[in-house]
Amino acid sequence: MTLRIYLAGPAVFRPDAIEHGERLKALCAEFGFIGLYPLDKQVPNEIELPREQAAWIYRANLELLGQADAVLADLNFFRGGEPDSGTSFEVGYAAAQGKPIYGYLDGEGSYAERLQRQHPKLCGVSGLDCDGLQLEAFDLPVNLMLAVPATLICGGPREALQCMAKALRPAPHA
């Protein structure tokens, strides 16, 4: 049975989102997986109101997540110092369903180190953000609610899929 991988991440907002999704799905195929990309399903033309479109997209993404055997999530910072909120929801949803989750990140280090390196304006004195609030100090690269249920890979989707292929493929019978 070929495993289906839900491709979570903010790439759906790229100007070349559909083409990028096709590249991600082709990459999945290289590793023997079927990629399920959120834009595989398009809002029907008869749904015109923005809130109705949003509800349709929500349901369609949950349906794809339900069909998936595992999730590959882009957990890089998006629009600031946190991963995309929609991706974070999808990771939580998959975790609640007991699905394996693999997240990829550019660069190593704890959340505080990554934030300092990529968004220094969001950091205050050591261990605090620019508003004086504590930064998580668990030596994890993202919030613990994402890091604990996921296998995190430093790199991109290719590196994460390599890890997934090793971990999720059944061992050959001896």
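**Close-up views: cysteines and positive phi angles**

C154 is partly exposed, with a relative accessibility of 40%; partly exposed lies between buried (under 20% relative accessible area) and exposed (over 50%), using a 1.4 Å probe and protein chains only. This is a predicted model, in which local features need pLDDT of at least 70, side-chain atom pairs count only at pLDDT 80 or more, and totals for chains, interfaces and linings use all residues. Residues are numbered from 1 along each chain as its sequence is written, and side-chain values use heavy atoms, leaving out hydrogens and water.

**View A. C154 and its closest cysteine sulfur, in C163.** The two sulfurs are 12 Å apart, too far for a bond. For a disulfide, the pair of cysteine sulfur atoms has to be within 2.5 Å.

**View B. C130, a cysteine in no disulfide.** For C130, the nearest cysteine sulfur belongs to C123 and is 7.9 Å away. C130 itself is partly exposed, at 43% relative accessible area.

**View C. R79, a residue other than glycine with a positive phi.** Most residues other than glycine have a negative phi. R79 sits in the loop between β3 (70-74) and α3 (85-96), where helices are DSSP runs of H or I with at least four residues and strands are runs of E with at least two, numbered from the N terminus. R79 is exposed, with 70% relative accessible area.

**View D. D139, also not a glycine, with a positive phi.** Its phi is about 60°. Look for D139 in the loop between α4 (111-118) and α5 (144-147). D139 is exposed, at a relative accessible area of 62%.
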